[in-house]
Amino acid sequence: MKRSSIIIMLVVLAMFVISWLAKASSMAGVEDHNIWHGFLITFSAFLTLAILSFLYKDNPFYKFAEHLFVGVSAAYWMSMGFWTTIVGNLIPRISNSLSAFFEVPPIADEWALLLLPDSVTFFIPVILGIMLLLRLSRNMGWISAWPLAFIVGSTAGFNLVRYLRSDFIEQVSSTFVPLLVDWQGTGHFFSHLNLNASGQFVTMAGNWVIFLGVMCGLIYFFFSKEHKGIFGFGSRVGIWILMVTFGASFGYTVMGRISLLVGRLTFLFGDWLGLIS
Amino acid sequence: MKRQVALLITLFIGTLLVVSVFIPPMESLKETFTLFFDIIAVFAFFLGGGNLLRVHLTKLSKRKQDWVYSIVTLVGFTVVLVIGLFKLGNPGGIAASPTAEGSLFQTLFDNVLVPLSSTMYALLAFFVASASYRAFRAKNREATILLIAAFIILLGRTPFGMMLTSWVPNSLSILQIPNLAIWIMNSANLAGQRAIMIGIGLGVVSMSIRIILGIERTYLGEEK
Amino acid sequence: MFTPAPLLALSSSTIGVSISLGLVGLGMVWMLIRSLRARDVDRRIVFLFIFISVSAPILFPITFSETPTPVVKKLFDKVESLPADSKVLISFDFDPAMAPEVQPMADAFTRHCMAKNHKVIFMSLWATGQSLLNQTMRAVLVTEFPEKRDGIDYVELGYKAGNEGVLNVIVSNFRKMFPTDVNSIPLDSIEIFDKIKSCRDLDLIISIGGGKPGIKEWVLFVGDPTKTPIGAGVAAVVAPQLYPYYPKQLLGLLGGVKGAAEYESELVRHYPQFEEVDKPGLRMMGPQTFAHVVILAFIVLGNISFFVSRRRASR
Amino acid sequence: MKLTFLIACCVLFLGFPVAGFAQDTPEEAQPADSITTPIPAPPGNVTAWDTENDHGHSVSLSWEPSPDDGTGLGNVIGYIVFRSDSPDGPFVDRGVQPAGASGHTDVGSKEEASQDYMADYVDYYYKVRAITADSLVFAESVMVGPVQSYGQWFNTGRIPVLVFVLCFMAITIFFIQKAKSGANLFVRRLAGIEAVDEAIGRATEMGKPILYVLGLGTAADIATIASYTILGRVAKKIAEYQTGLIVPCYDPITMTVAQETVKTAYMDAGRPDAYNEDMVYFVTQSQFAYVAAVNGTMLRERPATNIYMGKFYAESLILAETGALAGSIQIAGTDEIAQIPFFVVACDYTLIGEELYAASAYLGREPLLLGSLKAQDYAKAAVIILAILGVIAMNVGLDGFKDLFYISN
């Protein structure tokens, strides 16, 4: 380890301690566990800065934050899954004694599947789950293909109809837009070219763009035909439309991204440094 | 043998769920299966945990590059797992929700996971900027269109968009940048979105059919 | 770490802003010169600019006024027009990372529903949404509406694992997925749920999110099958993607901080009593605006240097 | 005389308060006159029938809103639906509808245990009550019934969906058969895929590894499944060129599949020796923790090429920009619409939405996959035709055409 890096470490450590004490003393009397809270806030501030330091370059602090993050998050999700699903939804259905132990109200049997009570059928996922865990063993690993088949099969079953319905049929039918308007003279047609009072012209222009846009977009996604001639033109217009879409989405998104940073900086300046009320 | 069974399972489950959509008495079946799904998903979490341990323990034992940090991972993992599973320091005891106010688990969440994940996410603010500086250049026609669209929308999201075009008479307010931005979002953007959506919808449907019919087998971990 | 707070307190916010703006401005000029020489700047400098332009308005707050766009207005009017005691479900489908952007919406919706005396059901499809839900309840319900009672004016179902699967179940049966509320009280003994069996019995569903599962799932799994009106507050990133659902499958949409700010200002317009409460949406518009301008500038600069260099190449 | 005095007193006693009330708060007339809310007209011709396309235990009602709902006296604030199992009560409250509503679906519980149980094939009688702000003032419709609830065996409301499913299955199978019978199906080249091959070559020259990210999808996500095929192809090439491969995984199940895929690829390439377990490893099942780790890997291993194929969310740009920072060539593909723009902006090549699936078919070069790809194309053609017809229909006022696509419940 280089001398300079050791010095940096020490400096950061010192600053950490200073901030901790400062925070704790500032909270003295206000909070009852001020030492503890001071530590917590300083620590989260430290983690925040550690991640931000990545913008300059990769460094030990980032590595520390990164590895801590990996471990903690994995454990977090495991615990949540255990309490919300296993204890929340499985145990109350299969075992009264266990639900008594976990102090969750048992759920009355229902004959949903194969005319068997839930208290029986709900062992199926447990068995499949255990098969999945066998993946960790070298020689029994192959059996994890079965729960996998179950997961993939059920997802396919759900998706098949759902996407056909909401992303396909619904979208197609909402492409049926009026492209012509009941003509009431030029004046009326071009009247108030604004959105809030949907003027005829604007609405109609929009509808044309939607209609042709979708058409050309679909043409672009044609794979079994070379993009040549009129077809080629269609697909080129299609990619232009897509480009507008992407540009628009990007521009629109910037806002959200900034506010995330605002959130973090507000924490640093406010909760930690106390520069803003 | 194992493969046949797997394919049979997929076929059976898949068809069952598709059919259940059209047969009202089978609706509750869908619910039950969803619950099954979640329960298996939790076991997957544990599988993940197992893998995590394996990866980092090997890293540690083989003294690979950055093995020191694996200790951080392992410690963090074990501590949070113990606190989480045993609801240590949860005022409400075992019956309380794991994320109950003031529980140690929740404190960890608020002071470790929240800063880490939200800062990671906040990096996007910087990357969005660097990306727009680096990549929004009128290299060719497509790039130019992308650039212009993004520019208008960006402008439309600021008060300056309005200032710049406030001179436009209200009868032509479509030409005021904020309105123009909304119009683009609702016409061209919508068209593009929809085209992609329909394509993806079809793709998903056909893939699902292939899976249910056992034509698509890559998910079983083999090339064909 | 010990940036002297008093000093900042003394300096009036205008000075602070002008200083930081001056900095950014000068930097821009410098970059312009560079780009005219067809030299790109290191991305770290880009990062620095963003940092300054965002943090300055935070330290020295500036706010702009907002007028609601139709997509936002529509949703506001819906909540406004529902009769008292309507059943509204608010789902917190986001995580801390997204919170700064969408939590203001959650607060605003909760505030609005409480002011209208709607019966509100809180839930979350995200494990991490639970604690954010608690935050909103602490910040809005408990402090601003102490008279509201749990189980009668609102109920907290909390989080259940299973992503869209949860919706799959509650669309036809709440009790199957949520045998009890978050405090282990059976739904049958909760007043609000007397009349509610499934999502069909709700008058409005508001999902606040920005990932999967989120609004899209609500529309696909609940909105389309039950025709229950669905409103959404989303991170700006997914908003454009939801436009295809508006207005047919999606009643209204708050996109990003701007959406939140618009809703907040509309709320204050109707309910002056909320004049005092913190309005993060409006508060965050200042940094937003500056950052946007900086990014716009970057795009322009980038293209300048691009064209200059291309001209040189062609020479 | 006495009498008049008495009357006068009464007038004073009664009159003053009222008058006083009227004087000091004239605008607050509402509470005053709500004491004597006029009785509104009841809702008109109520009809009740078994709810279609359900599993029973439910009855639907419709009615004409009371003339005083909105119009007329305008004092109706909602409707309460009452049910009884005998014509002469007792009637129980089965749900409230806001003013302006003209229908309600009374859904009971399936479980006999529940107090809210609603039996099938049993006579029920309904009344609809128009309510006002004053709980004592309301108007009830005439009673309807008997009506029975019962379950259907087929959901006619979803026939359009069924039709589409069947048609699509049919063409898919047709083309797959065609493909099997050796017909040569043309699929246009995808820039993104060509790029993958170049990129692998480049990595070999530079002697740097290739980073393959399967995204955040679960093992069952279509995008992930499509990504396996591409991974298989990439791994095979890598095995031939003897380049390094790094596959950090987000989902444990996905990881197991990815391991199998890579292993098989190395075997097909005839170098099972070159394969080692650590190429494909699990990171964590948490979005940003995963990103943090992958970012680190990018800056430490400095891969020549990053390939992102699968489901991606907010992390897309973080990954792509960090990759650009590390100076890697980047090829992306996702079906997550919101993220495509970022990949398009930050990566060298991007497979847009469906192209990702197409790519897997294109690479697999399997008749089966190609066949289904064809089927998709024909479906798209059908969409275009339908859309044109639909638009024409809309414009000549044949709104019936749109109803063909209407999916009730």
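**Close-ups of a predicted model**

**View 1. A salt bridge joins Glu321(D) and Arg134(B).** The side chains of these two residues meet with 2.4 Å from N to O; a salt bridge here is a side-chain nitrogen of Lys or Arg within 4 Å of a carboxyl oxygen of Asp or Glu. Between chain B and chain D the count is 2 salt bridges. This is a predicted model, where local features need pLDDT of at least 70 and side-chain atom pairs count only at pLDDT 80 or more, while totals for chains, interfaces and linings use all residues. Residues are numbered from 1 along each chain as its sequence is written, chains are lettered from A in the order in which they are written, and side-chain values use heavy atoms, leaving out hydrogens and water.

**View 2. Here's where chain B touches chain D.** On chain B, 54 residues are in contact with 64 residues of chain D (contact means heavy atoms within 4.5 Å). About 5200 Å² is buried between the two chains, and carbon and sulfur atoms give 74% of that; buried area is the accessible area (1.4 Å probe) that two parts lose on being put together, summed over both.

**View 3. Ser184(C) has a positive phi.** The angle is about 60°, even though Ser184(C) isn't a glycine. Ser184(C) is partly exposed, with a relative accessible area of 27% (buried is under 20%, exposed over 50%, partly exposed in between, using a 1.4 Å probe and protein chains only).

**View 4. Gln242(D) has a positive phi too.** Gln242(D) isn't a glycine either, and its phi is about 60°. Gln242(D) is exposed, at 55% relative accessible area.
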